[in-house]
Amino acid sequence: MKTITINGKTHEVDVPDDMPLLWVLRDVLGMTGTKYGCGIAQCGACTVLIDDMAVRSCQTTMDMIDAQQITTIEGVGETENGRKVQTAWLEKEVVQCGYCQSGQIMSATALLNTNAKPTDSDIDEAMAGNICRCGTYVRIRDAIHTAAA
Amino acid sequence: MINNLHSRRGFLKGTVLATGGLVLAVQLPRMGRATGPASSSEEAAFTPNAFVKIDESGITLIMPHTEVGQGIYTSSAMLMAEELELRLDQLKVEAAPPDLSKYMDPILYDQATGGSTSTRSDWMRLRQAAATARIMLVGAAAARWRVDPAQCRVHEGTIYHDASNQSSTYYDIAAEAAKLPVPADVPLKDPSQFKVIGTRAKRLDTPGKVNGSVVYGMDIRVPGMKYATLAISPVTGGRFTKMDEAAARAVKGVLDIVTADNAAIAVIGEHMWAAKQGLDALNIEWDAGENGAVTVDTIVAKMDQVSQQPGVVIRDENKAVDVIANAPTKLSAIYRSPFLSHSPMEPLNCTLHIQNDRAEVWVGTQVPVRTQKAVADITGLPVEKVTVNNQLMGGAFGRRLDVDTIELAAKLLKDIRYPVKLVWTREQDMTHDYYRPYYYDRVAAGLDKDGRLIGRTHRVTGSSIFARWAPAAFKNGIDPDAVDCASETPYDEEAVFADYVRDEPAGVNTSWWRGVGASHNLFVVESFVDEMATATKQDPLEFRRKMLTKNPRALAVLNLAAEKAGWGQALPPGRGKGISLQVAFGSYLAHILEIEITDEKEVRLLRSVIAVDCGVVINPDTVVAQMEGGVIFGLSSAMFNQVTFTDGAVDQTNFDTYRVLRINEAPKVEVYQIKSGEAPGGVGEAGTAAAAGALANAIFAATGKRIRSLPLAEALG
């Protein structure tokens, strides 16, 4: 049994040490907002925050997690920056299919957590790990600026 | 059924629901293009479609088309809200169950979402369904109050008779409305009266997509459900020869191992990780079979050979071959477009619960009827015992128009009696796609001494998707999709010869990919038009303008894009602009792309300017979004993507080897819309189809190098 803290709530899970957090969230805890996209940290769909840093949950195994605070898309709206990002995403109508957007929103929130006024090149650097096949990049950039305004 | 009657417009009926609500079914005459799959099922033409449901849960639009991210749930709801006098937030949207008789797309002749047909198909029929419902609801209220229906008004789902100070909600009068005769000839609102259509409406499906609450097929959870993942033979037609079942079963959490056709194995576990670890432990060995020597080179060599022989003639006017032979300026070229993967962000998945007497499937599909039939065929159950729960899709781009994945899931799970979610890893998804076909194009043109195009030939060689997917549409050896935008162009043309050589690649499945036939042919045609301009020392914009004397809508989008893009302004060294013009999916679009070649010989995409006339616009913001996304999807592939084969197996396995455009590489996109009263055209595929030609032409403008083979970035290097 291992205790992990997600969105401020503790969970006891009985899973192998090498199991990625992604599958613990999705298949064990039923928190399906965090998405599987590639499994090799190429697409960013599985991004969560660990102590406010954006990480790929497909590469974060259970033995790498101790007492940190994990934040997922289901809980990020409770944080100030998360709420601003979600609001801007709706205002700018960023979303198309939406499958990558959990990860995009988590990466954007992590960016604002360390940089209140990101420039275009700051956005490029922080968001280049998140693929969107629908091509919503134009609006993602716009929405991040809006959230930071 | 209470009433029905025949009218010139079709057959309408009202049905009282068990709950006392009103379901209105409307059937309308066929529409569609003569070249489409339309002629396949004349007899299916006059059966009803049911779109409106009013019951205690509210007012529901039963969506004939599926949401893959293109915004159709919102656009269709806007059509219905308009004629029912509702606010958009008063409508709920529900995916239609599989039922060809009610929900057939009248252009595709299937219950299918693809080819940018949704708005074109539903523009009239959803408004008529809604207007009919409104007239019956008002009629019932007027009858109850014994007043003239013409004296009643409707506002936001409530009917008012102001003179007697009476009102009724739609729901309160629905049961009485269902008993009324269905009006024969329903007037639709004059566009000048539109309150919803043409407004920038917020999408209905997005709030749940920003807070993690939305459920895609991948996210389905059914009580008692287990998780599975699979390995399919890396080579089409291959078989497994050896595996270590004991090792897999020794993995904690592994429950079952199942196989299908000796070509696929799935491991079922308590969660995806157990299933994946179990699958790895199997250490499967494969026999590649007859396709074990296939490479792209062998496929292309054969295409080169067969493309030297005449194909099936699509168009033959005014002896184009002779005209070119005698022309003062003549040019010819070969263009090649690679196999492409769809790779939507949501990997393929299918959740199945097969029981002895019934089955239930949860999956995001563009073809619910085919899905139901696939499960029925494999399990041996009658179709009516197969329940399809269609889910929102994390992208599809055509991949979910095929049911090979659902058939495979049913084969693997047919002896399992608990619900299982079967998930393709990204690697299995990418290496077992039904790929965009490889196309090999031979083109030639002749121009007169004044630089006027006087003759053009175009031979398309490639596989026929229609022949497999809708054989009835593959008539006389002609695949209308394979030659779309090749035989017909927006330009004034007198002598044209176009033919098609069908060539099916060994060991490769091919299917629809965003932009379909137009995406490949426009790369060829629009690149070649630029070659003609270059050969006769003409400006690519002016050359096109001169050939648009009979096509004012095409000329208008071209002029608008040129003005906004600043065509003709001097550019710094290393920069270039390229044009692509199209009439496709019922819409007119001009794309001007500006690029820069870096010192490292890399292409930087700077600015995409798109002018579009897609007729009446339902939700202008959705048109903009589809243009932005479509062009980026197309540029991504035109820049980087090709699927290749070594020893029969696909070389690209994940996004590390199948590169997708990222935010730092995406251009700015500007979209300009021309106001139009014409019938709506499609927009989902249009931007994608406009990408590759503009990019090839921009690279030529910047470097003087003409690239005739995709992907362009590789060809440039």
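**Exercise 1: The two parts of chain A**

Chain A is divided into domain 1 (2-75) and domain 2 (76-148), with bounds that come from an automatic or database domain assignment. Residues are numbered from 1 along each chain as its sequence is written, while chains are lettered from A and ligands numbered from 1 in the order in which they are written. This is a predicted model, where local features need pLDDT of at least 70, side-chain atom pairs count only at pLDDT 80 or more, and totals for chains, interfaces and linings use all residues.

*Task.* Describe how domain 1 of chain A meets domain 2 of chain A.

*Solution.* 
- Step 1: Start with the centres, which lie 20 Å apart when taken over C-alpha atoms.
- Step 2: Look at the contact, to which domain 1 of chain A brings 18 residues and domain 2 of chain A brings 16 residues. Two residues are in contact if their C-beta atoms, placed from the backbone, lie within 7 Å.
- Step 3: Find the elements on the domain 1 side that give two or more residues: strand S3 (47-50), strand S4 (53-56) and helix H2 (73-76) of chain A. Helices (H or I, at least four residues) and strands (E, at least two) are DSSP runs, numbered from the N terminus.
- Step 4: S3(A) gives the most to this side, with three residues.
- Step 5: Sort the residues of the domain 1 side by class: eight are nonpolar, eight polar and two charged. Here Ala, Val, Leu, Ile, Met, Phe, Trp, Tyr, Cys and Pro count as nonpolar, Asp, Glu, Lys and Arg as charged, and the others, Gly among them, as polar.

**Exercise 2: A sheet in chain A**

*Task.* In what order do the five strands of the open sheet in chain A come?

*Solution.* 
- Step 1: The order is S2-S1-S5-S3-S4, with mixed pairing. Two strands pair if DSSP finds at least two bridges between them.
- Step 2: Strand S2 (9-13) and S4 of chain A are the edge strands, each pairing on one side only.
- Step 3: On average, neighbouring strands of this sheet are turned by 40° against each other, direction ignored.
- Step 4: Now zoom in on S3(A), which pairs with strand S5 (residues 69-71) of chain A in the antiparallel sense over two bridges. A:Ile50 has A:Ile70 in S5(A) as its bridge partner.

**Exercise 3: Two helices of chain B**

*Task.* How are H3(B) and H4(B) placed relative to each other?

*Solution.* 
- Step 1: The axes of H3(B) and helix H4 (residues 170-177) of chain B come within 8 Å and cross at roughly 90°. Axes are lines fitted to C-alpha atoms, for helices over the stretch in contact, and angles run from 0 to 180 degrees between N-to-C directions.
- Step 2: The two helices are therefore roughly perpendicular to each other, a label for angles of 65 to 115 degrees; under 35 counts as roughly parallel, over 145 as roughly antiparallel and the rest as oblique.
- Step 3: Among the residues that meet are B:Met136 and B:Leu137 in H3(B), and B:Tyr170 and B:Ile173 in H4(B).
- Step 4: By class, this contact has eight nonpolar, one polar and two charged residues.

**Exercise 4: Where the chains meet**

*Task.* Which element of chain B gives the largest share of the side that touches chain A?

*Solution.* 
- Step 1: Across the contact, 48 residues of chain B meet 47 residues of chain A.
- Step 2: Helix H5 (207-210), helix H7 (272-282), helix H17 (620-640) and strand S29 (668-673) of chain B each give two or more residues to the chain B side.
- Step 3: The largest share, six residues, comes from H17(B).
- Step 4: The chain B side has 21 nonpolar, 14 polar and 13 charged residues.
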